[in-house]
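I opened my notebook to keep track of a few look-ups. Here is what I checked, in the order I checked it.

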Amino acid sequence: MTSSQPLPSSPSRRTFLAAAGAGSLAAFAGLPTFSAAAAEPDRPSGDPLVPAGRAVTLWYPAPADPARMIQEGLPIGNGRLGALVGGDPAEETLYVTDGTLWTGGLNDVLDADGQFPYERVQFGSFTQLAHLTVAVPGHTPDSVTDYRRTLDLSNGLVTASYRQGGVTYRREVYASHPDDVVVVRMTQSGKGRYTGSVLLAGTHAESVTTDRSTTTASLSAALDNGLRYAGVVTATSSTGRVTVSDGRLTFTDCADLTVVFSGGTNYSPDAAHDYRDPSLRPDSLALRKVRAALRHTPALLRATHVADYRRLFDTMSLSLGVSDADQRGLDTWRRLTARAVQDAAPDPELEASYLQFGRYLMICGSRDSVPLNLQGLWLDGNDPDWMGDYHTDINVEMNYWMADRAGLSSCFDAFTDYCVSQLPSWSDVTARTFNDPRNRFRNSSGKLAGWAVAFSTNIYGGSGWWWHPAANAWLCNTLFEHYEYTQDTRTLARIYPLLKGACAFWEARLITTTVDDPDAPSGTREVLVDDKDWSPEQGPQDSIGNTYSQELVHALFGNYRTAAGILGKDRQYSEVIGGLRDRLYLPRVSPTTGWLEEWMSPDNLGETEHRHLSPLIGLFPGDRIRPDASPDTILAGARKLLTARGMDSYGWANAWRALCWARLKDAETAYRLIATNLRPSTDNSNGTAANFFDIYQVEETRSIFQIDANFGTPSAMLEMLVYSRPGRVELLPALPKAWAASGHVTGVGVRGGFVVDLRWREGRVEEAVLRSVGGRTTTVTAGGASRTVRLAEGGSVTLRNFG
């Protein structure tokens, strides 16, 4: 055991608030939205590009089919602006989104059944911002050769190259976070020239105008809910001409072309102003951003983007083994297909690239704006299923399981900021409507405090569908787990009102019932249970003491007590919550099924192979149930229930299953579920699309993209390599044979305030480096051996010779 140098501090979270007028409301909640940069971004002194031979890439021999953009278009994003890129040489169309372009509103008038309306008018929907088309009519796909389209995960670039007339043409597309723009850069190898047009089109019947003085095309409008939005595009070339007329930009005889787009909304994370900033002018701000970007050379724009992107992407490296030459020679879709053939050899480099793709989506989709919804930042229309909302009974939580594990803790901030900004509205709506006599989930005691939400939430403090009492606990537990990774007490102080409000809600909601207890003198005892509720998304809607709620509330109360102690707050109330926690009913194993009970009943009251693993939430994401501490009967009951749920479901459900099997240290079963999610989606089946998006079969003839599995599956892969909870780190707890020969991973977040780098060979740890980001003491185990590590903040230790 030898010491090494302290871990360099991670980059600070960069925000770009308005210097005047545009950012005051955003600053209120600490969440920058579409705002003017306060200072010029740092510019790199050299080219930070990872060379092509070392970059992790996905590649394709043809452009995306315009009718299949959600399955074949390649995603870009800067955490606020996103786009799907098709790569057609003659007509490159980008489907552009801003994460805050939402219809709808507070949606606080209940339907006749005491539940929230759930539709596109009152609740609202995530929608597209614009379509941006760069047309080069002479470059039709059938007139070019040597076409190659690439998503460069190492550098954050989408590229396309091809040859025509002896000239190689190349384009790069990216969304820059520092400059807050989308860039299309087109070059060629010699005497080739580009002639064509740039067309900006809205998706809500907006008018597009052009301005010769600024060489721009723009759109500006407002939704029916009053949200203002705009988009502006311009272009420049070192040769040839760029002009504007007839609602479009025209470029003629250009050796190169740089197209720059920016846009956004006047959304502000401020409940007091209805989540709008009336002083913000999206049109003028977008114009300033594109003009500011063009003050820099194309090379510097790209270098600035790449350097910023790599500061996040390079926090983790990963090898799960070496693929063979035949596998490496295949394009990404054929490689996915080959991997799915029965008895095909594992493709560890492909599997590692899938994990890195999840990290890419997190960097592109979760920075300085609202968090990732069901669609992330990527749409191919304005009518996403479930409105592209935030589902609170697994999906939004799964979106953020990966961030801290994968070295992207700063990307979690968008989720924290969202919850903090929504709390005033959630609290107000709860106080006014939760105990409505029509609400079948109301508190039978008549008491009410704190806050709750429904199964679906939007960005305006609104809820949709049914009330979901346990959602507040799950959201809070997710927020608190982020603290466990980072040990950031400032963030803990920000989320403390959410934790306390959720505890107050449950203090008012819990009811008393009597259960059998052979250890009690009377043979029974009184326990506290959830009032009439639903175990998502199946079974009776009026059962008490569902395992799902009991486990979530048990964890919430424990997390609140820890937070109160760290912050030195509310000692007496913390003791009250501790007393309630001690009285909570916790699940038993059914003598009828042998499963861990889902309801306070020995019978299975729902579907045996249901997609949700609600009764296993104490196994994952919770860790009250764990192999090193739980009774064998409970572990056996959890295993039998997990087995009964099956091995083939939707992507997010398979990911959750894999995580649970990893917690039970069943490496091969967890790996089988990873492999299931990597099956190519064909004929609308569940699986992975050509662009690596997870596909969810809605009907026999229709499927959609839903992003949660793109984060849940990498989370499972990392959980197989490193398990942690405060005070304990276990290395290679569920390493499958497919990855066992040799591999490494760096930058894995560890609960308790550490980061670990790990190298293994023949299934055994060769070396691990543990670095403190605030943690002081933990026990590291591997191969049956354990070591206690004590570090100062910023210190590190190298561990070898395990087992």
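**Entry 1: the model.** I am working from a predicted model, so I read everything here as computed from that model.

**Entry 2: strands around β7.** I began with β7, which spans residues 145-152. On one side of my list is β2, residues 57-60, which runs antiparallel to β7 and is joined to it by four bridges. I looked up one of the partners: L58 pairs with L151 of β7. Next I turned to β8, residues 157-164. This strand also runs antiparallel to β7, and six bridges join the two. Here T145 has R163 in β8 as its bridge partner.

**Entry 3: the hairpin.** How many residues lie between the strands in the hairpin of β7 and β8? I found four, and G156 takes a positive phi near 75° in this hairpin.

**Entry 4: salt bridges overall.** I ran the search over the whole structure and got 53 salt bridges.

**Entry 5: K289 and D180.** The closest N and O atoms of this salt bridge are 3.2 Å apart. K289 sits in helix α3 (residues 282-293), while D180 is in the loop between β9 and β10, so the pair links parts of the chain 109 residues apart. Are the two partners buried or exposed? K289 has a relative accessible area of 10% and is buried. D180, at 9%, is buried as well. Both calls rest on the cut-off of under 20% for buried.

**Entry 6: R339 and E351.** For this salt bridge I noted 2.8 Å between the closest N and O atoms. R339 is buried, at 11% relative accessible area. E351 counts as buried because its relative accessibility is 0%.

**Entry 7: R728 and D628.** These side chains meet in a salt bridge at 3.5 Å, N to O. Since R728 lies in strand β30 (residues 728-731) and D628 in the loop between α14 and α15, the pair ties together parts that are 100 residues apart in sequence. D628 counts as partly exposed, at 39% relative accessibility.

**Entry 8: the network.** Which residues are linked with R728 and D628 in a network of salt bridges? I found R626, K665, R725 and E730 there with them.

Key
Residues are numbered from 1 along each chain as its sequence is written. This is a predicted model: local features need pLDDT of at least 70, side-chain atom pairs count only at pLDDT 80 or more; totals for chains, interfaces and linings use all residues. Side-chain values use heavy atoms; hydrogens and water are left out. Two strands pair if DSSP finds at least two bridges between them. A salt bridge is a side-chain nitrogen of Lys or Arg within 4 Å of a carboxyl oxygen of Asp or Glu. Buried means under 20% relative accessible area, exposed over 50%, partly exposed in between (1.4 Å probe, protein chains only).
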